[in-house]
Structure formats: C-alpha cells, structure tokens
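Thanks for coming. I will walk through one chain today, and the slide comes up now.

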Amino acid sequence: LYGNVQVSTQAFRTLLMEGVWLAFFSRNGAYRGRLAGPKDKGALLRARQWERQADEAFRLELSRSLVRAKILGQKQMAANYARNYLAETLGDGHTHLTRALEEVEKADSGLTLRGIEGAASRAYFALFRRWNLSGMEFNGREKPNAPDPINTLLNFGYTLLGQELEGLLEAAGLEAAAGFYHDLYPGRASLAWDWVEEFRHVLVDRLVLNLINRKTIGPEDFEDHDDRGGLRMKPDALRKFIRGYEQLMTGAAGAATDEDTGHYRPVLLRQLVRLAGAIEDGVRYLTHDQP
C-alpha cells in the first residue's frame, strides 16, 4: 500500500489467515514496514539468497543481466534524444554504447564488468551533456555532495529510487544488504543498488532532463549548504521533483515525459517476482525489457 490507505480489521485478519504479507510505503516509495503472520516465509528465500551470494557463477550471470539492462537504458535514452533533436546528438557515443553492450556477455569477472560499465557511463554522460538544454552547467557525474544543480537532482532521484527498491526487497523477504554486483558494505543496501542499475536512466535521468529542459526546476531552486556539503533543493523544488517522480511511477495525468506515459510501479512489482524467482531457483534474471 502506498500513501494514506485505510485497512479494516477484517481485511487484516483475512490476510493473516491466508499468509499474505501487507507492506506499507509512503507515497514516494519509502518503506515503512509490513504486517506478517507468525511464520516468516522469507527465511528460506533469504537462506537461498546467501547461498547465491557465495556462488561466483550466479553473481556474474545476474550482474551481466543488470549491466546489460543499464546500457540498454542508456541506448534507449540516446535513441529518444536522437529522434527529438536529430541524430547530431549521438556523435560517437552510440558506437561506444553498442560496443560496451557486446562486451557485457564476454565479461568473465565482476572487475571486467565494472570496467565495461564505467566506459559505457562515460560515453553516456558525454551524450547527456548535449541533452541538457537548461543553460545550467554540467561537466560530468559527481556523486556525493554534488556541486551543481543537475548532479544534485540525479543523486536525489537515484536515492529516491533506491529507497523504493529497498522497500520492495524487504517487503518480499529478501535481504537488501546482500547484493551480487555491488559487494557487501556496512550500511548499504547492496541488492537495492544492484537493482537500481536496471532503471536509473529510463526513470531518473529522463525525469531530470524533463524538469530542467522545461524550466520546471532552475538554478534559483537550489541553496548551498556548506555545513553539509554540496547543494540542496529548496522545498518547492523538492515537491516538484517528487510530484514528477510519482507521475512517472503511477502514470497519472500529466506524465513526466512525452515519450513515456509512465506507470512503472507495476513494472517494478513484476520484476521483483522475477528477481526473487531467479534467486530462489538459480535461473537467469529476465530484465524489464525482456518478455
């Protein structure tokens, strides 16, 4: 359930009797908790997940799927902007992305795969700079404590998406900390960040470009927080961003992009089932672009 949804005691009782979990999220996808019966049906799934986490072949296979989906998302963005702004926006970037995609299936280690992903991301963000028509400066990706508005928006969007995916994983009984592409790290939901790779460009990047190119959010919507590092969105800009994110997730009227009417939340739920199944059965994970 997303947002302020009321549930009757009778409905709670029925769900508990049927062994169905009920997970609660805020409207913007932050996981709040879940109602579950006395038997934790996620225990076996988490045990299987830890077994897969120690299986190098499975980790590499799942990582390939996620990086492949990430690069396909980059290519999809490039194709959309080439169509809208003529092919002049592609340059050599599309060639680099195509080459990286071909190399993904040949990668024989996580280290090699990360090198391929890094090269693809450099080519992609070189293209991203051309798609920025806002007049705001963007010289490349900066992750923590972003010094410019566009990186601030990207970082916030990735965090928002990561929190939603972390909540979905926890609600399904998976261990969000036990990733496959991203290694275990204290305080990091590594599996959620694995999963972010599949959706970061087609969701967050598209939303950010839409907001800045349409002047919905501009340089005046940010303030410098020297004590915490980097820029922060002002409250009104934060509301605009979350509204756009929700429209893209739910397919509400006035969706965030012209190319895509959104409604991604059901896609995330479908992919959650696929991911849990891949972990439980040791099969290849089919990404959202695959039928």
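Some ground rules before going on. This is a predicted model, where local features need pLDDT of at least 70 and side-chain atom pairs count only at pLDDT 80 or more, while totals for chains, interfaces and linings use all residues. Residues are numbered from 1 along each chain as its sequence is written, and side-chain values use heavy atoms, with hydrogens and water left out.

The chain has nine helices and four strands. These are DSSP runs, H or I of at least four residues for helices and E of at least two for strands, numbered from the N terminus. In order from the N terminus, the elements are α-β-β-α-α-α-α-α-α-β-β-α-α. Of the 291 residues, 49% are buried, meaning under 20% relative accessible area with a 1.4 Å probe and protein chains only; exposed means over 50%, and partly exposed is in between.

Back to helix 8, residues 235–250. Its 16 residues should span 22 Å at 1.5 Å a residue, and the end C-alpha atoms are 22 Å apart, so the two agree. The expected span is 1.5 Å times one less than the number of residues. Among the buried residues of helix 8 are Ala237, Phe241 and Tyr245. The buried residues of this helix pack against helix 6 (149–171), helix 7 (190–213), strand 4 (231–233) and helix 9 (265–281).

Next, the loop between helix 7 and strand 3 (222–224), where Lys215 lies. Lys215 is not a glycine, yet its phi is positive, about 65°. Its relative accessibility is 53%, so Lys215 counts as exposed.

Last, the largest pocket, with about 660 Å³ of space. A pocket here is an open set of points on a 1 Å grid over the protein atoms alone, where a 1.4 Å probe fits, with protein on both sides within 12 Å along at least five of seven lines; lining residues have an atom within 4 Å of a point. The volume is the space filled by probe spheres set on the points, which are joined across faces, edges and corners.

Twenty residues line this pocket, and Lys70, Lys143, His182, Glu197 and Arg200 lie nearest its centre. Helix 5 (110–131), helix 6 and helix 7 each give two or more residues to the lining, with the largest share, six residues, from helix 5.

Terms used: Contact means heavy atoms within 4.5 Å.
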